[in-house]
Amino acid sequence: MAWPLYSASTRPNISTRVTGSGASEKPNVLLIITDDQPLHTEWATPTAVSWIAGQGIRFRNAHATTPLCAPSRASIFSGRYAHNHRVLDNGHPSRLDQNTTVQRHLQQAGYRTALFGKYINYWGVKNPPPHFDEWTVVRPRYVDAHYNVNGIVQMIPGYTTTVLRDRLLGFLDRAALGSSPWFAIFTPNAPHRPSTADVPYEGSEVPSWSGRPSVPEKDKRDKPPFVRSSRYTFADGEDLRARQLQSLRSVDDALQAVRGKLIETGQLDNTLVIYCSDHGYLWGDHALLDKALPYGPAHQVPLYLSWPAAGLDSGTVDDRIAANIDLAPTILDAAQVAPTTPQDGRSLLSNFRREHILLESWRWSFDVRGGRPTWASYLSTTRQYVEYYDLHTNSAGDEVGSGKLFFREYYDLTRDPYQLDNLLHHATPAGERALDIPTLAKQLAADRSTWG
């Protein structure tokens, strides 16, 4: 469901928790978004783990509400579900109303805003990203990429993560000399396929992996047709995992340099740092090597937050259901900026706790594989209900189709965390009632239609 905007009576008073030099100042904000990074990749990013999670908060139950790049990024920037911001696939970034974005709110509130990396899929490299004072936007590529640097399109030689790191470091030097708070987004391409590692890490050894019960699932008769026909193996997942870990090592090098720069320039204490991925990825789970799916590895993401000046520096673990739609509300809450457009998420700085969350994804008409259908899901910490529909996006990015429901899944996540046993397979009407399916279906329909 969509949650109401904060009122003066419900909004947490962050200033009462801020101590030290940041007590009378709005925080700087650094948002780090990796690309296709699933859970269980912490080995490759020890700085993120020790700095942001270890000296902040680890959200161990975090999700991408639409586990596909462009819709997820639009949700991060707007705080909205995809059915509300209307970026339903990877081909139509212009559908995002830029007036709803966190960068617009912060820029108008006096923040200096900057972007270093990927913005939204299929955003033309010649187009300046709206509401940023400076930017280095990359056309996704790992080596010798084309960039738009403050309006000038150019090829810059070198490994992309390193190029973007250096641009961010320069921004931090300049920001330390100014009087305005800043908001910077760092969005490297790693570990998105082809997951190309920089030379020092290419082919480097990574920890061994024995898979998990869902890699691959042997009996898929209870799964939808596109899953039953998939044939990816453990070896495929193992290879992708290794390459993702290797490409993430340069992201960690960048974080080390960024943390050092924040310390050197005296900005670390009052900088809110958020680390997340736009979504996860399957490593051969259910014989799939993919994203945009309702299975855990696709939508579960790493999410860490640190802000020493506000007392968020103790290395705690938060078990609330968190999501990408919560990031914009969290940032605006910290900056004490009231959003002027509706948001579905809630600030992670508040005490709000949700009982469940909506996940949703659309079949993309431009997706030549055509294997990922449109679906929506009710997800709690203990159960998941999924519906698949005859819907897809057309050439304009609009949802079209009959909407007919053609397959359902239900998983008891307490007993079956790897989603091996779809309890709706051959379930009787009485069995469905025992699983509370009518109630879940009604709730899912309500979630999908909320102010959309």
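Mentor: Let's begin with a term: a residue counts as buried under 20% relative accessible area, as exposed over 50%, and as partly exposed in between. Keep in mind that this is a predicted model.

Trainee: Thanks! How does D173 come out, buried, exposed or partly exposed?

Mentor: D173 has a relative accessibility of 33%, so D173 counts as partly exposed.

Trainee: And which residue forms a salt bridge with D173?

Mentor: The general idea comes before the case: side chains of opposite charge can pair when their charged atoms come close. Here the partner of D173 is K261, and their closest N and O atoms are 3.1 Å apart. This pair ties together distant parts of the chain, since K261 sits in helix α7 (residues 234–264) and D173 in helix α5 (residues 160–177), 88 residues apart. K261 has 13% relative accessibility, so K261 counts as buried.

Trainee: How many salt bridges does the count come to?

Mentor: The count comes to 23 salt bridges. Another of them joins the side chains of R372 and D290, at 2.8 Å from N to O. This pair also links distant parts of the chain: R372 is in the loop between β13 (357–361) and β14 (374–379), while D290 is in the loop between β9 and α8 (296–299), 82 residues apart. R372 is at 9% relative accessibility and therefore counts as buried; D290, at 10%, is buried too.

Trainee: Which residues do salt bridges with shared partners join into one network?

Mentor: That network is made of D35, R73, K118 and D278.

Trainee: Let's turn to the strands. What is the order of the strands in the open sheet?

Mentor: Read the sheet from one side to the other: β7-β6-β5-β4-β8-β1-β9-β10-β2-β11, which makes 10 strands with mixed pairing. The edge strands, β7 (152–159) and β11 (316–318), each pair on one side only. On average, neighbouring strands are turned by 20° against each other, direction ignored.

Trainee: How do strands β1 and β8 run, and how many bridges join them?

Mentor: Strand β1 (residues 28–34) and strand β8 (residues 182–187) run parallel, joined by 4 bridges. To find a spot to look at, take L31, which stands opposite I185 in β8.

Trainee: Which strands does helix α1 touch?

Mentor: Helix α1 (residues 46–53) packs on the sheet and touches β1, β2 (57–59), β9 (271–277) and β10 (303–306). The direction of α1 makes about 45° with that of β10. Helix α2 (residues 69–78) packs on the sheet as well, touching β1, β8 and β9, and its direction makes about 170° with that of β1.

Methods
Residues are numbered from 1 along each chain as its sequence is written. This is a predicted model: local features need pLDDT of at least 70, side-chain atom pairs count only at pLDDT 80 or more; totals for chains, interfaces and linings use all residues. Side-chain values use heavy atoms; hydrogens and water are left out. Two strands pair if DSSP finds at least two bridges between them. Helices (H or I, at least four residues) and strands (E, at least two) are DSSP runs, numbered from the N terminus. Axes are lines fitted to C-alpha atoms, for helices over the stretch in contact, and angles run from 0 to 180 degrees between N-to-C directions. Contact means heavy atoms within 4.5 Å. A salt bridge is a side-chain nitrogen of Lys or Arg within 4 Å of a carboxyl oxygen of Asp or Glu. Buried means under 20% relative accessible area, exposed over 50%, partly exposed in between (1.4 Å probe, protein chains only).
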